[in-house]
Amino acid sequence: MSTFPSPAHRAASPRQASYISTKTGQFAYFDSQLGRPDWSGRRVLDFGGNVGTFLEESAGRVQPSLYWCVDVLRTAIEEGRRRTPRAHWIFYDRYNPQFNPGGVPGLELPDLETRFDYILAYSVFTHTPDDETVELVRALRSLLTDDGVLAFTFLDPDWAPRDKGHESNVRWRLNSRSLGKAPEPRPVPARLDAVVEHAREALWCAVVDHTLVFDARGPVGPCGRYDVLWSPDHARSLFPAAEVRPPVAPERQHCCLIGPKD
Ligand SMILES: C[S@@+](CC[C@H](N)C(=O)[O-])C[C@H]1O[C@@H](n2cnc3c(N)ncnc32)[C@H](O)[C@@H]1O
């Protein structure tokens with residue numbers, strides 16, 4: 001378990017970031033990646049589900065009483081509960097450099113006292129270090145039913161939408177401003193081109209605020225933005241039994257599908 005950031009470091013950090021996701025399209029995305037399953041009667045865990053847009057967009061195909069959302073953002077969990085009280089909303093006070101800098105490093109998953117047919121994580125492991133992702137995926141997989149599926153997304157740095165003029169994922173993340181903050185200075189274009197070129201060949205890289213990092217491993221200190229990007233080969237090396245699927249339009253994220261015994 002990580003001992004960084006230290007308790008003193010965490011005490012000096014804001015307890016919680018505030019972020020209510022306005023992203024849409026999560027239900028259509030997983031419905032497509034999973035081959036349009038019959039969701040009725042299926043238990044769904046939306047890991048890092050924020051306010052539960054997935055549930056709202058399912059328009060009744062997923063029953064609120066069979067939907068669980070676990071997230072490290074207390075405000076999002078409270079807002080989700082306010083919107084759909086019949087669903088299960090669980091605040092998970094685990095440290096995350098971007099979303100929960102005051103949380104507890106390495107905190108174990110809460111006991112959810114059930115198994116799930118589908119465990120979904122949209123753009124969650126795009127914000128956690130690799131060792132944490134591997135640990136969490138292992139813990140989540142153990143919560144699947146015998147024929148359950150865990151599906152989570154990742155961002156390939158080199159992938160770009162087909163439409164002409166669209167930027168690659170790594171350039172998109174570098175150009176994006178930190179959540180909830182005023183725009184910050186951007187890297188100068190010549191430098192940006194050089195790092196983007198490097199990222200196209202990297203197996204792994206991370207955008208930490210507006211800096212692209214290629215070799216960092218281990219604990220990450222609190223920051224305004226922490227975006228991890230993986231090549232599909234890197235995803236396969238971390239999860240050899242996973243099925244790796246390309247994005248479905250209009251999304252930018254690849255999908256890893258893993259069964260309970262993979
Ligand atoms: C980019 S947002 C995506 C939210 C949601 N899945 C959506 O598509 O709207 C990432 C979410 O992951 C959550 N998160 C980050 N680390 C987490 C962890 N270790 N466990 C659970 N949730 C986490 C964040 O709090 C945040 O709500």
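This is a predicted model: local features need pLDDT of at least 70, side-chain atom pairs count only at pLDDT 80 or more; totals for chains, interfaces and linings use all residues.
1. Five of the five residues in β2 (residues 67–71) are buried, so the strand is largely enclosed by the rest of the structure. In a regular strand, side chains alternate between the two faces of the sheet. For β2, Tyr-67, Cys-69 and Asp-71 point one way, while Trp-68 and Val-70 point the other way. Note that Asp-71 is among the buried residues here.

2. What flanks β2? On the pairing list is β1 (residues 44–47), which runs parallel to β2 and is joined to it by four bridges; Phe-47 has Val-70 of β2 as its bridge partner.

3. Now for β4 (residues 116–121). This strand is mostly covered, with five of its six residues buried. Three bridges connect β4 to β1, and the two run parallel; in this pairing Val-44 stands opposite Tyr-118 of β4. So which strand does β4 pair with over five bridges? That is β5, also in the parallel sense, with Ala-151 of β5 as the bridge partner of Leu-120. To get from β4 to β5 the chain passes through helix α5 (residues 130–141), and this β-α-β crossover is right-handed as well.

4. A word on the core. The largest nonpolar core contains 63 residues, and Ile-119, Leu-120 and Leu-150 have the most contacts inside it. Strand β5 (residues 144–154) supplies the largest share of this core, six residues.

5. Setting aside neighbours within four places in sequence, Leu-120 is in contact with Phe-30, Val-44, Asp-46, Phe-47, Phe-54 and Ala-151. Several of these names have come up already: Ala-151 is the bridge partner of Leu-120, Val-44 stands opposite Tyr-118, and Phe-47 is bridged to Val-70 in β2.

Definitions and conventions
Residues are numbered from 1 along each chain as its sequence is written. A residue is buried if 20 or more other C-beta atoms lie within 10 Å of its own, exposed if 12 or fewer, and partly exposed in between; C-beta atoms are placed from the backbone. Two strands pair if DSSP finds at least two bridges between them. A nonpolar core is a set of buried Ala, Val, Leu, Ile, Met, Phe, Trp, Tyr and Cys residues joined through C-beta atoms within 7 Å. Two residues are in contact if their C-beta atoms, placed from the backbone, lie within 7 Å. A crossover is right-handed if, with the strands pointing away from the viewer, the path from the first strand over the helix to the second runs clockwise.
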